[in-house]
Amino acid sequence: MALVLAAVAAGAWARRPPSELWPGQGCATPGRCCPGRDPTCAARGPPPCFCDQACGAARDCCANYARVCPAVSCIVAEWSDWSRCARPCQVSYRVRRRHVLREPRNGGVPCPPLEERAGCVEYRSRQGVECQQSLFPALITPSSYGKEWKKRGVPKEQGTVGYCVQFRLGPIPGSCGQVRAPHVQWTRYLTQGHTVCVKCEWPAQDTRSQRCYGDGDGDRGNQLLLWRAAGHPRCRGTWERLGQLLVCSCPAVHSLVFI
C-alpha cells in the first residue's frame, strides 16, 4: 500500500507545473530564508531547490523564493552634525556618523558607509586660547564648510566682513581626481587654467591682520603660490593670484574657503 501511495505522489509531482509547490514546500517552511550561500538551506524536491540569499545568482531558487523571501534593502538614518576637529591648532579631521535603521535581508541593497571624515582646522585650543597660526601653504576646502562655521555663531568681536580672492589654477596632480570619499569629490573639479574663488572669513582670519594665511596679499604679481586641499593631502598645487573681491562670483564647484 505504501508503495502505491508513493507512486501516486510522484506522479502528482510530475504533473504539477514547475512554478508551483505543495503547501509547506519550498521556502514557505519556517526559517528557510537564509543569508549568504548556504547549501543546507534547501527544500525537498523533486527537484531540490534552495532558499539562501545566493540562489538568485546560482539560479536554483525555489519557485516561491521571491514571494516568501522578498529582498529588503538597508535603510540608514540621516548624517549627524560634523564633530569638532580631532586636534585643535593643526590640520586635522572631523567625523560624522549615521546608524542603521533596518538591516538588509535576502539579497537587498547593503548598507552604505556609516562614517565619513573630512579635513578641518580649529583656531582655538580646548581651553579657548587662540592658536599661533602658521599654516602654510594655503589650505582650502569647499564653501559649504564656511556655512557650518556660521551655524556655530560668529562672536561679536569677530564680526569682520570677509573678502574673496580669485586665483588661476596651475597644473593639477592626477591624485586630485583619484577620490572615492564623498567629502573630497570637489577636488575632481580642479582644472588647470580655471579660476577659483576663495573666501576668507572668520575664524580663518588672523585676529591682527584680518587676513587669511596664503591669500597672496603683499606678494609680487604673477608669482605662483602654493595651496593644499584639506582632507586630501596628496592634492596640492600652485595658483596665481588674480585679485581681491568683496563678493565671490565663481560656480559652486569652484567656490572655496580658506581654513
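Is Cys-33 buried or partly exposed? With a relative accessibility of 30%, Cys-33 counts as partly exposed, where buried means under 20% relative accessible area, exposed over 50% and partly exposed in between (1.4 Å probe, protein chains only). This is a predicted model, in which local features need pLDDT of at least 70, side-chain atom pairs count only at pLDDT 80 or more, and totals for chains, interfaces and linings use all residues. Residues are numbered from 1 along each chain as its sequence is written, and side-chain values use heavy atoms, with hydrogens and water left out.

**Disulfides**

- The count comes to 10 disulfides, a disulfide being a pair of cysteine sulfur atoms within 2.5 Å.
- Cys-33 pairs with Cys-69, S to S 1.9 Å, and this link is left-handed, with -80° about the S-S bond.
- That pair links distant parts of the chain, 36 residues apart: Cys-33 sits in the loop between α1 (2-15) and β1 (42-43), and Cys-69 in the loop between α3 (65-68) and β3 (75-76). Helices (H or I, at least four residues) and strands (E, at least two) are DSSP runs, numbered from the N terminus.
- Cys-69 is buried, at 2% relative accessible area.
- Cys-34 and Cys-41 form a disulfide with sulfur atoms 2.1 Å apart; the link is right-handed, at 80° about the S-S bond, and both Cys-34 and Cys-41 are buried.
- Cys-74 is joined to Cys-111, S to S 2.0 Å, and the torsion about their S-S bond is about 95°, so this disulfide is right-handed.
- Cys-74 lies in the loop between α3 and β3 and Cys-111 in the loop between β5 (100-102) and β6 (115-120), so the pair ties together parts 37 residues apart in sequence.
- Cys-74 is buried at 14% relative accessible area, whereas Cys-111 is partly exposed at 27%.

**Nonpolar cores**

- A nonpolar core is a set of buried Ala, Val, Leu, Ile, Met, Phe, Trp, Tyr and Cys residues joined through side-chain atoms within 4.5 Å.
- The largest nonpolar core has 21 residues, and Phe-167, Val-196, Val-198, Trp-227, Trp-239 and Phe-258 touch the most other members.
- At least two residues of this core come from each of β7 (138-142), β8 (163-169), β9 (195-200), β10 (224-229) and β12 (255-258), and β8 gives the largest share, four residues.
- Another core, of 11 residues, lies apart from it, and its members include Cys-27, Cys-49, Cys-62 and Cys-69.

**Around Tyr-145**

- Tyr-145 is placed in helix α4 (residues 144-151) and counts as buried, at 2% relative accessibility.
- Not counting residues up to four places away in sequence, Tyr-145 touches Cys-85, Arg-94, Cys-120, Val-121, Val-257 and Ile-259; contact means heavy atoms within 4.5 Å.
- Tyr-145 and Phe-258 are 113 residues apart in sequence and 9.6 Å apart in space, C-alpha to C-alpha.
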